[in-house]
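Trainee: I am new to this structure. Please take me closely through one part, the place where the chains meet, and then show me what surrounds it.

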Amino acid sequence: MSATGDFILKAERLTKRFGGFAAVSNVDLAVERGTIHALIGPNGAGKTTCFNLLTKFLQPSDGAIFFNGRDITRMPPADIARLGLVRSFQISAVFPRLSALENVRIALQRQRGDSFDFWRSEKALNRFDGKAMAGLDEVGLAEFAATPAGELSYGRKRALEIATTLALDPEMLLLDEPMAGMAQEDVSRISALIARIAENRTILMVEHNLSVVADLSDRITVLARGQVLAEGSYEVVSRDPRVVEAYIGVGHG
Amino acid sequence: MTVANTETHPVTLPADLRISTPRHHVVIFAGLLGLLLVAPFVLYPVFLMKVLCFALFASALNLLLGYGGLLSFGHAAFFGSASYVAAHAAKVWGLTPELAILLGTGAGAVLGLGIGALAIRRQGIYFAMVTLAFAQMVFFFALQVPFTGGEDGIQAVPRGKLFGLVDLSNDLTLYFVVLLIVFGGLLLIYRIVHSPFGQVLKAIRDNEPRSVSLGYKVNRYKLAVFVMSATLAGLAGATKAIVFQLASLTDVYWTMSGEVVLMTLIGGMGTIFGPLVGAAVIVTMQNYFAGFGAWVTILQGIVFVVTVLLFREGIIGVIARWTKKAL
Ligand SMILES: Nc1ncnc2c1ncn2[C@@H]1O[C@H](COP(=O)(O)OP(=O)(O)O)[C@@H](O)[C@H]1O
Ligand SMILES: [Mg+2]
């Protein structure tokens, strides 16, 4: 964690009000390029809302967002994905009626640009099959290539979602609780995968599994009641009395 | 080492995963064509042409509903408008039938672009309500303007001569022309569903936010499929006007929108062959039970309820599940 100050993603005074209730208020966030940055906090702290704001699935009530120095505060979400800032969802987001292979291929297909060619055979997509298969293999899903995604177990859906996100080869990934509901062996595999993909990418992730957070992240921002409570390395943050207090109520260590 | 670009780790692809037109689809299409070529020598050509027109209409709706995940409750607007335009072009302007059908289809497309652009801004049931509302506007327009002939409709539309050469007054000749149009339409729908565009369409149907997060501008795809669906519904309506030599308020009435949804659901939405079966079932019922008057509607309702209760995926949907084959 060097102080180069090369921030790939920056949010300033980010605020989201639902009616009178501020789910996120005045959050300043700066994610350094090439790091794994964790966003933690008790349930309802506003982590998912932050993700929705950063990827523009929600329009901020206030504040500004910069990606690679570019103001993306008013950009539509599909355009943000095209810039290389891609998110996953807390509730596993797969395409249930498409096979696992087709799920990954939908992401690879983006390399063609738009796919409005309705007159062409889908055989035009066969050239992505090899890469899609390699992506599935990476997350341990090769044998489920032909299985409809909706029929996969919860943990496998999460793994498929990660494979799909990775297939876009994004510069930065936002992962919302990627390991929630996974068996321990899957957690280890996905942890290792995240560490590996972070070698040439930036990752911002929400995760409740604190040992994973401790292992993986370079920097941690703690959110509580929509506001930044603390920020720093795991050692610093985990000793912060305010953080400990915020976590007592929800039983985290 | 990047993950997505892993070329160093070759993983072999099972042969059954490679995309290609499944052989059973080719067999079914070929068998269907064979059957339809023989059918007019066994059954009434006019009855068969009615089934064909509605099979195309239902397949057009299914493209939007079954593959785009968008329930339109106003497809009569496209079917009916195309029917009026084709009838007017053939009767008043004296155009040849292929030009009349082309103009009618174009009317469906233009109307689809207008209504679709406004409707796709809404989701789920609100989308259905917006399409219904616009279809009702089209209905009242058709009721008011003089060119539609009001309650009488446009009657005695000449079938004319195809390209000015082939006389279509003969039912059998017309049947083969209609078969060509409808079968061509069905193959086009099949291609759309199994194209790179179709893949994105199915992804949007399955999970719209996820498609957005992958960088797809979903509204453009939704509008595109809406226009395609409206155009094909228009082709069905225009062809129907030439076959029955009639365009009437029934074609733009909301019950027509409901009927085509019914056909699609009974046959199996999201299946290629379901809408054809659904159309055949409903048209046959209407024909054979015509003597029962208002009871036909009630019988249709009963068939619908029974279908939904017994097999929610529709007739072909259930067969597809049993045989574990995409139909
Ligand atoms: N669309 C919404 N409308 C109203 N309130 C919302 C909405 N989304 C989230 N909230 C509220 O905002 C707060 C933060 O939620 P969330 O960001 O999901 O928390 P976290 O992901 O940290 O558990 C919660 O109190 C939640 O109820
Ligand atoms: Mg959350």
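Mentor: Start with a term. A polar contact is a pair of N or O atoms within 3.5 Å; within protein, one atom must be able to donate a hydrogen and the other to accept it, and residues adjacent in sequence count only if both atoms are side-chain atoms. Keep in mind that this is a predicted model. With that rule, 18 residue pairs in polar contact are found across the interface of chain B and chain A, both residues of a pair being at pLDDT 80 or more.

Now look at who takes part. Chain B brings 43 residues to the contact, and chain A brings 57 residues. The size of an interface is often given as the accessible area lost when the parts come together. Here chain B and chain A bury about 4500 Å² between them. Of that area, 60% is on carbon and sulfur atoms.

Charge pairing comes next. Side chains of opposite charge can pair when their charged atoms come close. The rule finds one salt bridge across the interface of chain B and chain A. Asp79(A) forms a salt bridge with Lys217(B), and their closest N and O atoms are 2.4 Å apart.

Turn to the side of chain B that touches chain A. Four helices each supply at least two residues to that side: α6 (171–193), α7 (196–206), α8 (208–213) and α9 (218–244) of chain B. α7(B) gives the most, with eight residues. By class, this side of chain B has 19 nonpolar, 15 polar and nine charged residues.

Take Arg33(A), which forms a salt bridge with Asp6(A), the closest N and O atoms being 2.8 Å apart. This pair links distant parts of the chain, 27 residues apart. Arg33(A) sits in the loop between β2 (21–32) and β3 (36–40) of chain A, while Asp6(A) sits in the segment before β1 (7–18) of chain A. Arg33(A) is partly exposed at 33% relative accessibility, and Asp6(A) is partly exposed at 35%. Asp6(A), Arg33(A) and Glu171(A) are linked in a network of salt bridges.

Another pair stays within one helix. Glu161(A) forms a salt bridge with Arg158(A), with the closest N and O atoms 3.6 Å apart. Both lie in helix α5 (residues 154–167) of chain A, three residues apart, about one turn of the helix. Glu161(A) counts as buried because its relative accessible area is 1%, under the 20% cut-off. Arg158(A) is buried as well, at 2% relative accessibility.

Asp240(A) forms a salt bridge with Arg242(A), the closest N and O atoms being 3.0 Å apart. Asp240(A) is buried, at 13% relative accessible area. Arg242(A) is partly exposed, at 47%.

The largest nonpolar core has 143 residues, and Leu136(A), Leu160(A), Ile194(A) and Ile203(A) touch the most other members. Its largest share, 17 residues, comes from helix α2 (residues 45–67) of chain B. Look closely at Ile203(A). Leaving aside neighbours within four places in sequence, Ile203(A) is in contact with several residues, including Ile36(A), Leu173(A), Leu175(A) and Ile194(A). A second, separate core of 25 residues includes Val27(A), Phe67(A), Ile80(A) and Val206(A).

How values were computed. Residues numbered from 1 in each chain as written. Chains lettered and ligands numbered in written order. Predicted model: local features only at pLDDT ≥ 70, side-chain atom pairs only at ≥ 80, totals over all residues. Heavy atoms only, no water. Core = buried A, V, L, I, M, F, W, Y, C linked by side-chain atoms within 4.5 Å. Buried < 20%, exposed > 50% of the residue type's maximum accessible area, 1.4 Å probe, protein only. Contact = heavy atoms within 4.5 Å. Buried area = accessible area lost by both parts, 1.4 Å probe. Salt bridge = Lys/Arg side-chain N within 4 Å of Asp/Glu carboxyl O. Nonpolar A, V, L, I, M, F, W, Y, C, P; charged D, E, K, R; others polar.
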